[in-house]
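Subject: Handing over a structure, with notes

Hello,

Please keep the model open while you read.

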2 protein chains.
Amino acid sequence: MEWKELAVDAASPVPLYRQLHDHIAEWIHGGRLPDGAKLLPTRELAGLLGLNRTTVNAAYEILEKEGLLQAHVGRGSYVCAPRHAATLDWESRFRGAAPDPDLQQALWTSSEDFISFSSSRPDQEIFPFEAVSRAAAHELKQHGDAILQLGAAEGYPPLREFLHSQMREEGVAGAGDELLVTSGCQQGLDLVAKILVAPGDTVLLEDPVYPGARDLFLAAGAQVRGIAVARAGLSISELEQELSRHHPRLLVVTPSFQNPTGATIPLDARRELLALAARYGVVVVENDVYAGLRYHGDDVATLKSLDGDGRVIYLRSFSKVAFPGLRVGWCVAPRAVVRRLIAAKQLTDLHTDQLSQAVLYRLAEEGSLAAHRRVVLRHGALRLEAAVKTCRAEMPAGVEFLAPDGGMHLWLQLPAPLDSGELLARARAQKVLFIPGKFFAVSRSHHRALRLSFASLTPDKIRRGVGTLARLIRAQSPAPAEMREGVPALV
Amino acid sequence: MEWKELAVDAASPVPLYRQLHDHIAEWIHGGRLPDGAKLLPTRELAGLLGLNRTTVNAAYEILEKEGLLQAHVGRGSYVCAPRHAATLDWESRFRGAAPDPDLQQALWTSSEDFISFSSSRPDQEIFPFEAVSRAAAHELKQHGDAILQLGAAEGYPPLREFLHSQMREEGVAGAGDELLVTSGCQQGLDLVAKILVAPGDTVLLEDPVYPGARDLFLAAGAQVRGIAVARAGLSISELEQELSRHHPRLLVVTPSFQNPTGATIPLDARRELLALAARYGVVVVENDVYAGLRYHGDDVATLKSLDGDGRVIYLRSFSKVAFPGLRVGWCVAPRAVVRRLIAAKQLTDLHTDQLSQAVLYRLAEEGSLAAHRRVVLRHGALRLEAAVKTCRAEMPAGVEFLAPDGGMHLWLQLPAPLDSGELLARARAQKVLFIPGKFFAVSRSHHRALRLSFASLTPDKIRRGVGTLARLIRAQSPAPAEMREGVPALV
């Protein structure tokens with residue numbers, strides 16, 4: 001047994017004990033370590049791999065918990081191979097493509113000493129735990145029977161009515177619209193795919209786009225096509241081309257603080273988009289998940305509020321502006337659409353969790369959510385400023401980026417011939433993480449781009465992290481003279 | 001305008017104001033009440049329809065909230081027709097079949113003065129609100145940052161580990177198995193369909209079966225085929241026939257306290273089922289949603305624990321044994337399957353709500369769930385006894401039913417030529433509700449059968465409700481002599 005092949009990668013963000021565990025588990029599942037095989041004692045293996053013994057102990061302990069090892073006191077640890085080694089060829093039975101392991105790896109953010117720009121999530125340091133706890137106690141005391149009992153597929157009635165009236169005030173919900181509570185925007189997209197997309201249908205997405213939207217429509221069997229996103233959001237001329245040539249079923253768009261570019265579509269372009277959608281008879285899904293996260297300037301009217309003929313399905317969520325761990329979002333659409341979405345919701349998970357719906361209703365109703373949003377906006381503005389200023393001050397010429405007015409990310413373009421995947425490998429060694437552009441690709445490669453999600457980091461960490469990236473880019477950038485000649489136009 | 005056509009049905013379980021609201025909304029959406037039309041004053045309409053004025057007021061108020069009416073003080077209420085009357089032909093755009101409005105109607109249980117056997121849910125009178133509230137406060141105080149932050153698709157780590165170790169103790173999880181937290185068993189089925197079913201695939205179900213399972217696989221494009229269920233669960237001989245003739249992808253089965261029949265498959269038949277599944281290479285989904293609800297006798301080993309070659313995907317939930325309003329269940333399956341389910345889960349709703357996961361972890365860990373289950377079992381045994389004894393004492397000869405040892409339902413067969421749909425119409429007039437057999441149909445009609453869900457009703461209500469049904473059946477039953485001649489064999 002070549003125990004040395006269990007060597008781990010100290011530069012990886014994955015904890016060492018977890019890497020070691022994964023290697024050994026793979027050996028067991030793959031049959032390389034057969035049933036009854038004796039493992040090297042922890043002290044020996046630690047010495048061989050140059051690891052601390054507690055690291056090896058931790059890996060063995062998890063394997064034991066998982067039933068893959070059995071420890072006999074004084075005799076060592078023995079492999080318990082799974083009863084069903086590989087009788088069933090599961091891979092041949094799965095429908096659809098396998099998940100991308102590289103993206104999972106890129107999203108890994110659990111290691112504390114890394115500065116991770118990977119995840120588009122709020123800062124947990126500012127969560128108002130006590131208000132949440134009080135809201136839960138209050139709601140359970142008043143309505144515990146209704147909250148813990150089976151609920152309505154369309155949502156917990158008090159929350160649903162509250163949101164509907166808020167959406168009417170904002171001009172999002174019009175007469176004839178209804179509202180459905182969902183388990184976040186991701187489920188809004190899943191339900192839309194279920195009622196409107198059949199295998200082979202064409203769906204238009206922004207390019208680059210949030211991978212969770214792209215992969216969901218791909219899993220539903222759709223053909224996805226990307227429309228370039230520039231400073232002013234998706235390209236209206238390319239949209240018209242795609243609409244006229246490919247007769248898509250759906251156009252899915254995040255008009256405000258788009259993920260990953262941060263771009264916002266101006267009012268005029270929104271009207272053009274809707275006019276084109278009407279001309280070509282396409283349904284528009286407006287993913288407004290970053291609504292409420294504007295740090296500067298004035299909000300632009302939603303597509304839904306500008307919609308003249310009821311073709312926009314509007315999705316929103318508490319995830320970005322409040323707490324992603326409570327899976328509550330909502331959807332506003334014409335009555336006929338919401339009726340179908342409710343039926344699909346019932347088959348998907350019966351209804352959204354009611355404790356979280358009740359908690360968010362209470363927090364919204366008593367004003368705590370509005371107060372929390374003011375804190376979020378104050379923190380967000382500081383973080384955006386730290387990211388933008390550090391980029392401006394330290395990034396070498398040739399690096400381009402948008403400075404958005406809100407949301408959670410910056411989108412950077414490296415000068416040719418740099419590749420953001422290669423940059424990530426070097427950044428990881430310096431304990432800085434981000435998501436390379438290729439993971440957001442639809443029809444283009446985006447291999448020179450990268451997304452920096454700044455919302456969950458302190459301004460200080462943002463400055464240090466962006467500073468590190470700037471140094472790494474400078475170290476690999478071609479001389480300025482070369483650059484000016486060789487850089488292709490940005491799309 | 002023929003205002004009298006707005007007449008409502010006093011015998012319906014739908015509240016009168018809601019019926020009136022729905023009628024008027026339909027008239028507005030259908031254009032019968034055009035934009036700007038003036039509604040009859042509430043006093044006049046109430047007089048015309050023989051209703052209380054507060055009923056009419058309530059209907060108008062909801063219409064106003066929905067933006068379909070505008071009230072002008074002193075002048076009356078005017079229609080605000082939807083901006084987009086019917087520009088988009090949504091019906092032609094929807095994929096899949098429309099939901100069954102009759103089933104929705106049959107499930108309606110909100111009216112308090114009805115005795116409803118319709119819904120398979122626990123009794124909310126015994127929910128331990130204070131323990132839930134304390135658990136929420138405790139978890140938020142200790143781990144609020146993790147709970148409210150974006151979580152892991154596979155589940156909240158403490159709950160996931162707790163459940164995995166519980167499943168190992170019960171023999172459900174073996175070496176090589178992993179566990180995924182889901183938003184209830186319904187989502188378990190949805191995720192399984194996503195990774196294992198493509199349009200045109202054949203899926204075997206019990207017949208009769210829980211409609212939410214049937215409709216989910218139909219919506220995924222599957223061909224569903226039903227296998228007869230008798231006293232000892234699904235028919236093994238019919239299973240073999242179906243397996244050999246139709247090469248299904250999946251067999252979905254609830255071996256214990258099946259919904260709707262209450263039937264439990266004995267140990268020997270479970271072994272035969274697994275041997276057949278292995279011979280014909282079919283994946284088995286074991287929906288164990290009623291696990292833990294046995295009031296008498298000993299548990300039968302799960303299919304998962306008897307599974308010799310890793311082909312069983314095991315689903316379970318807190319919904320029936322604790323609180324359906326907290327949407328938390330789990331799935332145990334071989335590692336390769338769980339990896340795929342996790343990827344599908346991420347695209348479906350990112351992860352299950354973490355507040356409810358944390359609350360259920362705390363309640364399970366501190367023993368409160370076990371204590372609650374003892375209460376549930378005590379109450380369940382009394383309810384089952386009330387239902388069975390009243391059936392035995394009062395149902396006329398020719399009515400057949402199973403007396404299960406647990407779960408939430410009785411399945412009754414009426415003597416020919418009775419029809420359970422007709423019985424429901426008469427029962428509704430006596431304020432008793434149940435679900436007719438036809439709604440559980442896969443390949444057979446079940447029009448003489450009905451499901452009585454007893455778990456959420458007091459023994460007294462059960463006795464009164466079953467008594468009412470028995471009287472209605474007796475009133476329509478043919479004379480005993482006729483019956484003996486004419487009754488066809490039960491399947």
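This is a predicted model: local features need pLDDT of at least 70, side-chain atom pairs count only at pLDDT 80 or more; totals for chains, interfaces and linings use all residues.

Residues are numbered from 1 along each chain as its sequence is written, chains are lettered from A and ligands numbered from 1 in the order in which they are written, and side-chain values use heavy atoms, with hydrogens and water left out.

The contact between the chains

The contact, where contact means heavy atoms within 4.5 Å, takes 96 residues from chain A and 96 residues from chain B. Together the two chains bury about 8,200 Å², of which 56% lies on carbon and sulfur atoms; buried area is the accessible area (1.4 Å probe) that two parts lose on being put together, summed over both. Within chain B, the residues that lose the most area to chain A are B:Arg95, B:Leu148 and B:Arg340, which together make up 10% of what that side buries.

Between chain B and chain A there are 32 residue pairs in polar contact, both residues being at pLDDT 80 or more. A polar contact is a pair of N or O atoms within 3.5 Å; within protein, one must be able to donate a hydrogen and the other to accept it, and residues adjacent in sequence count only if both atoms are side-chain atoms. Several helices of chain B each supply at least two residues to the side that touches chain A, among them α4 (90-93), α6 (129-148), α8 (184-196) and α13 (335-349). Helices (H or I, at least four residues) and strands (E, at least two) are DSSP runs, numbered from the N terminus. The element that gives the most to this side is α6(B), with 10 residues. The residues of this side of chain B divide into 43 nonpolar, 28 polar and 25 charged, where Ala, Val, Leu, Ile, Met, Phe, Trp, Tyr, Cys and Pro count as nonpolar, Asp, Glu, Lys and Arg as charged, and the others, Gly among them, as polar.

Salt bridges

Side chains of opposite charge can pair when their charged atoms come close. A salt bridge is a side-chain nitrogen of Lys or Arg within 4 Å of a carboxyl oxygen of Asp or Glu, and the whole structure holds 52 of them over all chains, while the count between chain B and chain A is 6.

One of the pairs is B:Arg95 with A:Asp201, whose closest N and O atoms are 2.6 Å apart. In another salt bridge, A:Asp190 meets B:Lys194 at 2.9 Å, N to O, and this pair crosses between chains, from helix α8 of chain A to helix α8 of chain B. Are these two residues buried or partly exposed? A:Asp190 counts as buried at 5% relative accessibility, whereas B:Lys194 is partly exposed at 28%; buried means under 20% relative accessible area, exposed over 50%, and partly exposed in between (1.4 Å probe, protein chains only).

A:Arg340 forms a salt bridge with B:Glu91, the closest N and O atoms being 3.9 Å apart, and it too crosses between chains, from helix α13 of chain A to helix α4 of chain B. A:Arg340 is buried, with a relative accessible area of 9%.

Inside chain B, B:Arg335 forms a salt bridge with B:Glu178 at 3.0 Å between the closest N and O atoms, which links helix α13 to strand β4 (residues 177-182), 157 residues apart. Here B:Arg335 is partly exposed at 26%, and B:Glu178 is buried at 8%. In chain A, a network of salt bridges links A:Arg160, A:Glu178, A:Arg335 and A:Arg339.

A strand and a residue of chain A

In strand β16 of chain A (residues 449-453), 5 of the 5 residues are buried. A:Ala449, A:Arg451 and A:Ser453 point one way, and A:Leu450 and A:Leu452 the other way. Strand β13 (residues 409-413) runs antiparallel to β16(A), joined by 5 bridges, and two strands pair if DSSP finds at least two bridges between them. A:Leu450 is the bridge partner of A:Leu412 and also of A:Pro436.

Lastly, A:Glu139 lies in helix α6 of chain A and is buried, at 1% relative accessibility. The side chain of A:Glu139 makes a polar contact with the side chain of A:His138 (3.5 Å).

Best wishes
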